[in-house]
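I opened my notebook to look up a few places in this structure. Here is what I checked.

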Amino acid sequence: MNAPTLQPRTPATAMLVVLGGIAMLSGLLVVLAAQLTAPLIAENQREAIERALVKVIPGSVTYRRYKVEEGRLLPAGEADDDILYAGYDDRGRLLGIAARAAAQGYADMIYLLYGYDPGCECIRGIQVLKLAETPGLGDKITKDPDFLKNFEALDARLDAAGTALLNPIVTVKHGSKRNPWEIDAISGATISSRAVGKALNRSAQKLLPAIRPLLLQIHRLEEKG
Amino acid sequence: MAADSLSFIFLNTVLANNFVLAMFLGLCPFLGVSGKLETALPMGLATTFVMLVSSLCAYAINLVLVALDIEFLRLIAYIALIASAVQLVEMALKKYSPVLFRALGIYLPLITTNCAILGLALFQTFKGYDFAQSLVYALGAGVGFTLAIVLMAGLREKLALSRLPSVTQGAALSLMLGGLLSLTFMGFAGLGGGHG
Amino acid sequence: MSRRRDDRLTWETFSEGLWRENPVFVMLLGMCPVLAVTNSAVNALAMGLATTFVLVASGLLVSLLARYIPRQVRIATYIVIIATFVTLIDYSIQAISLDLYNALGAFIQLIVVNCIILGRAEAYASRNRPLKAVVNAAGMGAGFTFALLCLGGVRELLGAGSLFGFDLFGPNFQPWVVMVLPPGGFLVLGGWLLLFDWMKQRGRETEPLPRGETVHGR
């Protein structure tokens, strides 16, 4: 309902002033919110990753973040995306490294973290970070105990030349796993299971040959001076 | 097909992850405007056009936002962009095709609040698509949206002539139809990504 | 000064959003989140509360600033205000729980194009005093949350056999998985609308006719 008293035609300046004022107010509120919540959000993310790291590098208590650059392992900064996590036990010995992997699943991309143990040259565990698979079917890859058993010692040895996996990681039909580098798919969730295999194989083929010679550099946790 | 190849993105967005039937974006026009085929198709095309324009500009704006480290302004920037794009389209239609402009009526400015457009801009940013991928994604989203509302319009036109319990008229019917359409589109899931 | 005819704060101010003018079931607004995030009751509740926050906050600000905003730019201004609060709640949810944030996904940011909020700002908040605007917004938010819970509850119950994460039917329950998938959303909402429409029709049939009036078709 309009006011009984007519509003004078608003000049352009009045409109600009109001819009500008609102824009400034809004900008201020948003910046404030961003600043206030940034530390909390970072903390949440750190906690989430750490929970995943404990699962994929069993026995680990401390972690360091690294990135592979020009054939060397350098400590990764906050902004770096493509990083590895090195997990150490309470005596500072390197237990394993964790990296991310992703592949297209049934509905959308599946993102996971996997832990590699250089001692046994095998993958020790996976943790699905994000998935949009069918609830009750595809999302079983996060919970199905038989499926997760695949990753307790998934063979990821390198070939003689050290440039690729000796046996590519592959997902096989449910019930037909014969070799330690195979993943037994969940029956009824083949595509999601295959995605996990694809993701791991892709990442491992790229990462493991690159870091094997570099692991010696970080096999003991040095106290930062 | 590789997961981020252009053809995969297109097919995926039109069929398997259809913006309306799988991602629930763009429902207001889907339920509201899709009563007649002759308004549904132009609506779909207008929306597709706005999507393409918004996608391009959103990509550019995002580069600026990231460069200046003011990413928290993203939402406000995107919505301002979309409102302007719609305004432009409105003015263009008014000038070049007043008939269409009148036919679409209130639904044209409502494209601004069409979650599909903002959703498109946001998703393409979250997925980190590059320029070509964003364009294809926008095209796929628009085509998928048009496909959905044209299908719905066709169905409803047919049903307008049949006898149904009066209680199902209106939105309940559209939703049931939408559910059935969504169910059929689920059959496309895994398209192109199933093997290899 | 412009004032609406009835400036009193009544129970109706709050309750009309709950039932008579329920934004989802009656006005059919804000559909996108209703179907998208109601695959579980928790998500539905969180979305409802987030939307209510934006409704109330933007309603308050719009009502306070209404007289200073020139008519021509009012929609743009409302949108900026709404977008600001949506950004705020977006960051807040991230800070509270990353799991929840990932579950709700982009739909938090999509609250900004939820037609309910802009509609309410234009039709109500800009024309009423702040207290009324806030109460009405709260009612609308409550109605919206109620609708979301109706959907989320049914979908989670049928599609996963649980409610708010509490397993209700035990391990032998065969979930009707389609309920938590997109088609289920459409079908369940359609079902609720059918129910409410039917209830309304029954109510109309049993009402005594006012004297002298003929019955017109629906």
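**Where chains B and C meet**

I looked up the contacts first: 32 residues of chain B are in contact with 33 residues of chain C. Two residues are in contact if their C-beta atoms, placed from the backbone, lie within 7 Å. On the chain B side, α2 (27–32), α4 (74–96), α6 (115–126) and α8 each give two or more residues. The largest share, eight residues, comes from α8(B). I sorted this side by class: 24 nonpolar, eight polar and no charged residues. Ala, Val, Leu, Ile, Met, Phe, Trp, Tyr, Cys and Pro count as nonpolar, Asp, Glu, Lys and Arg as charged, and the others, Gly among them, as polar.

**Ground rules**

This is a predicted model: local features need pLDDT of at least 70, side-chain atom pairs count only at pLDDT 80 or more, and totals for chains, interfaces and linings use all residues. Residues are numbered from 1 along each chain as its sequence is written, and chains are lettered from A and ligands numbered from 1 in the order in which they are written. Helices (H or I, at least four residues) and strands (E, at least two) are DSSP runs, numbered from the N terminus.

**Strand β3 of chain A**

I asked which strands pair with β3(A), where pairing needs at least two DSSP bridges. Strand β1 (residues 62–69) of chain A pairs with β3(A) in the antiparallel sense over five bridges. Strand β4 (residues 94–104) of chain A also runs antiparallel to β3(A), joined by four bridges. Y88(A) in β3(A) is the bridge partner of T62(A), and Y88(A) stands opposite L94(A) in β4(A).
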